[in-house]
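Subject: Structure handover

Hello,

Here is the structure I promised to pass on. Please open it first, then read my notes beside it.

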Amino acid sequence: MALFFDAQWFDAQLAARGLTRRVLAAAAGMSEADLALAYKDQRELSADEVGIFAEILGVSPAEIARQAGISTPVPGAGPEDRIAALEKRVAALEAELARLKR
């Protein structure tokens with residue numbers, strides 16, 4: 001298990017998919033500042049954020065938790081939690097698209 005957030009690993013995963021930290025943050029409903037704090041080990045990812053990162057990067061939530069240095073197990077989300085997380089992601093992505101169109 002990684003003891004710290006492995007920024008190099010996350011950046012390599014993003015680059016392999018042609019994505020940026022900004023996109024990762026927006027998809028997870030995080031500000032870029034919050035993501036920067038996670039990258040600097042000053043903020044831990046929530047279970048929802050772990051799940052979203054896993055989907056975006058095409059790896060398991062356990063791998064995200066390991067690379068993020070999270071010491072506690074990541075619980076599985078029930079259907080209601082999953083729907084709420086997806087709605088949050090859609091809203092964040094719509095906001096990002098609106099910002100880009102300006």
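Start with Asp11, which counts as partly exposed at 29% relative accessibility. Here buried means under 20% relative accessible area, exposed means over 50%, and partly exposed lies in between (1.4 Å probe, protein chains only). The side chain of Asp11 meets that of Arg21 in a salt bridge, 2.7 Å from N to O. A salt bridge is a side-chain nitrogen of Lys or Arg within 4 Å of a carboxyl oxygen of Asp or Glu. Asp11 lies in helix H1 and Arg21 in helix H2, so the pair ties together parts that are 10 residues apart in sequence. Arg21 is partly exposed too, at 37%.

Two notes on how to read all this. This is a predicted model: local features need pLDDT of at least 70, side-chain atom pairs count only at pLDDT 80 or more, and totals for chains, interfaces and linings use all residues. Residues are numbered from 1 along each chain as its sequence is written, and side-chain values use heavy atoms, with hydrogens and water left out.

The overall picture

The chain has six helices and zero strands. Helices (H or I, at least four residues) and strands (E, at least two) are DSSP runs, numbered from the N terminus. Along the sequence, the pattern reads α-α-α-α-α-α. Of the 102 residues in the chain, 32% are buried. Contact means heavy atoms within 4.5 Å. Take the contacts between residues at least 6 apart in sequence: 65% of them join residues at least 24 apart. The chain exposes about 6,100 Å², and carbon and sulfur atoms supply 57% of that. Such areas come from the Shrake-Rupley method with a 1.4 Å probe; for residues, only the protein chains shown count as cover.

Helix H1

Which residues of helix H1 are buried? In this helix (residues 7-16), they are Trp9, Phe10, Gln13 and Leu14. They cover an arc of only 135° around the axis, which puts them on the same side of H1. The arc is that of the directions from the helix axis to the C-beta atoms. Their cover includes helix H2 (21-27), H3, H4 and helix H5 (61-67). The face turned away from the buried side carries the exposed residues Gln8, Ala15 and Ala16. Just after H1, Gly18 takes a positive phi of about 70°.

Aromatic rings

The whole structure holds five aromatic pairs. Phe5 and Phe10 have ring centres 4.3 Å apart and planes at 15°, so this pair is stacked. The rule: rings of Phe, Tyr and Trp (its six-membered ring) pair if their centres lie within 6.5 Å; planes under 30 degrees apart count as stacked, over 60 as edge-to-face and the rest as tilted. The rings of Trp9 and Phe10 have centres 4.9 Å apart and planes at 90°, so that pair is edge-to-face. Phe10 is buried at 0% relative accessible area. Phe5 is buried at 7%. Ring pairs link Phe5, Trp9, Phe10, Tyr39 and Phe53 into a cluster.

Arg43 forms one with Asp34, where the closest N and O atoms are 3.9 Å apart. Both ends are partly exposed: Arg43 has a relative accessible area of 25%, and Asp34 is at 29%. Asp34, Arg43 and Glu49 are linked in a network of salt bridges.

Glu96 and Arg99 also meet in a salt bridge, 2.8 Å from N to O. Being three residues apart in helix H6, they are separated by about one helical turn. Glu96 is buried at 18%, whereas Arg99 is partly exposed at 33%.

Other spots to look at

Arg89 lies in helix H6. Is it buried or exposed? Arg89 is buried, with a relative accessible area of 14%. Arg89 touches Ala27, Ile52 and Glu55, not counting residues up to four places away in sequence.

Now find Asp41, in the loop between helix H3 (32-39) and helix H4 (47-57). Its phi is near 60°, a positive value in a residue other than glycine. Most residues other than glycine have a negative phi. Asp41 is partly exposed, at 38%.

Best wishes
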